[in-house]
Structures are given as structure tokens and as C-alpha cells.
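Take a look at the picture, then follow the points below.

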Amino acid sequence: MKFSITVTLKKDVLDPQGKVVQNTLINMGMNNLKSIRQGKHFEVEVEDKDQTLAEKKVDMMCKKLLVNLIIEDYKITKI
Amino acid sequence: MKSSVIVFPGSNCDRDIAVALEKMQFKNQMVWHKDTSLPKTDLIVIPGGFSYGDYLRSGAIAGKSLIIDEVIKAADEGCLVLGICNGFQILTETGLLKGTLLRNKNLKFINKDVHIKVINNQTNFSKKYKKDQILKINIAHNEGNFFTDKTHLEELTKEGLIAFKYCDEKGNVSEESNPNGSLENIAGIYNSKRNILGMMPHPERMVDELTSNKDGVNLFSSLLN
């Protein structure tokens, strides 16, 4: 079973990389651009067959290592 | 006084700190990250560098290594722990220190001598310094932008847990003297028991006039007695 995890900086945390990318796109003429937040993406495959159990495990992976909960939010999606 | 320097793959200030500790008469030993026990020690140092190539987040992988469980146990029992640069990042990833270190505000790796002010000189790490003493210490990092939540920041301020703040040569703590965007110019913090210090500047680089100055010496001599 495969899951996708998206990790982004929390709203009130400054994202200087996102800001630079945003400014560059605006300079390139993408004037309608409102905002960009840069993040990370993981694809995780687990051997479990029970989706609830598998999701629980992936959530634990996020909490214990993949995500720094002080500054980052995450979203798990089954793929 | 016995010290232990923990070595991870990618640590690159481990020998510098060992030289500084030995120069200051510490009986030092190097401890490999895969070890599962610590030798008898009064001070644990987590050195600077780029443990695991900064994969995932700076300090994240080292923060889960085998020896870290022993470091946490020793710290809980009151052993002194000093984390410098990547060591500070590792300490936040283990939870021994709260808060985190974000990418520098200007997105650049900064390697230069900066001024810092001693905010609390009443700890085992700082008692040989004067209050508000200004030190010139080298920083060399890409993720040194200290960030934490409001409650923790209040706790740091009220409880005297801020160790150092970035300032200019006259001691002014301002946005101009903040090299990396750290919250309130914070360059180093203590845990609530004050037996753990995490700091981005490198005191081990400032122990010899031949290579720099001696502004880091008093941190080590404070630890000695």
C-alpha cells in the first residue's frame, strides 16, 4: 500500500525559499501569482493490507522522524 | 573533568573541540554514534558539522542515532551537555532543547566572526564571563535561524534561559546585528535545568591567539570549576 506525504512549513513560519521562487516567477511575468510555499514530498510503501493500520503507521513515521512538528504541517494521502 | 565528544558521519568540528578541551585540561574521549553506552563522563559535547549530510533536516538523522538514547539518559541525570552548531540542531531534534533552527533568513551560508552578548552568566557554562560581556566568536552555518513558539520564548526570557544574543561590537542587540534572522537575536539557549547549552557560534574556534582570539576560553574554564 502506497502513501504520499506532503510536508509544508506552517503558516506563520517564514519560508525564504518559497519567497525567492515567488519573486522570480513574478519577475518572469506571472503577475497573478498570489503566494507560494515550498515543501517536501515523500512516497512511502508499507506491507500492511489494512488501510487504517497502515495509515496509523505512516502517521507515526511523520510524527517521529519525517516532520518537525514545531514548524511543519503534513498531509497523508493514499496513492 | 572528563568529557566525551560524540562523532557522527559528517561531523567536522569534532577534532577542533577535542583539541580545545584537551588544551583546557579536560580528559577527553571520542564516542562513536553507534556505541550503545557512554564512558563515565561529566560533559558530553555534540560537535558541529554536517551529520548525515544534513539529510531530511539538519540534525534529524543524528538525533535518532543509537548513542542519543544514552545522551538523553545522562542529561536527565544532570550530566552537562554542550551542543555547538550542528550539535545545537541535533539537541533540538532530540527534544533535549525546545525550538528549532531554520534556514538563514538571507538563504546564505554564513561564515564569519560575529559579536555575541552573554545574557546569563550564572550557569556552569558561563560563570567565568561577566554579565553582558561582548564576545567575538565565529559562526559557520546555513540553518542558524532560531525559531520557537510564543510560550517557549516567554519561558526563555523569564527564566533566564537565553545564553547569548547576537549584537554589534558595542553590544547593541538589533536587527542589523542579527546575522541569520534568529528570533530576538538568540544565539544560544539553555534547558530549564541549565545543564544543557545549545549554541550556533563556535567557542572551540576561539581558544588560541594564533588562530583567532581567546573569547571562547571562559566557556571551558567555567565548566572546569
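**Strand β11 and its partners in chain B**

In chain B, strand β4 (residues 80-84) pairs with β11(B) in the parallel sense over 4 bridges. Keep in mind as you read that this is a predicted model.

- Within that pairing, B:Gly83 stands opposite B:Gly198 in β11(B).
- β11(B) also pairs with strand β10 (residues 186-190) of chain B, where 3 bridges join the two and they run antiparallel.
- Here B:Ile189 is the residue that stands opposite B:Gly198.
- The hairpin of β10(B) and β11(B) has 5 residues between the strands, and in it B:Arg194 takes a positive phi near 60°.
- Are the faces of β11 (residues 196-199) of chain B covered or open? Both are covered, with B:Ile196 and B:Gly198 buried on one side and B:Leu197 and B:Met199 buried on the other.

**The sheet in chain A**

- Chain A has an open sheet of 3 strands in the order β2-β1-β3, with antiparallel pairing.
- β2 (39-45) and β3 (72-78) of chain A are at the edges with a single partner strand each, so one side of each has no neighbour in the sheet.
- On average, neighbouring strands of this sheet are turned by 20° against each other, direction ignored.
- Strand β1 (residues 2-9) of chain A is joined to β2(A) by 7 bridges, and A:Ser4 stands opposite A:Glu43 in β2(A).
- Helix α2 (residues 51-66) of chain A packs on the sheet and touches β1, β2 and β3 of chain A, its direction making about 155° with that of β3(A).

**Where the chains meet**

- 9 residues of chain A are in contact with 11 residues of chain B.
- The chain B side of this contact has 4 nonpolar, 2 polar and 5 charged residues.

Definitions and conventions: Residues are numbered from 1 along each chain as its sequence is written. Chains are lettered from A and ligands numbered from 1 in the order in which they are written. This is a predicted model: local features need pLDDT of at least 70, side-chain atom pairs count only at pLDDT 80 or more; totals for chains, interfaces and linings use all residues. Two residues are in contact if their C-beta atoms, placed from the backbone, lie within 7 Å. Ala, Val, Leu, Ile, Met, Phe, Trp, Tyr, Cys and Pro count as nonpolar, Asp, Glu, Lys and Arg as charged, and the others, Gly among them, as polar. Two strands pair if DSSP finds at least two bridges between them. Axes are lines fitted to C-alpha atoms, for helices over the stretch in contact, and angles run from 0 to 180 degrees between N-to-C directions. A residue is buried if 20 or more other C-beta atoms lie within 10 Å of its own, exposed if 12 or fewer, and partly exposed in between; C-beta atoms are placed from the backbone.
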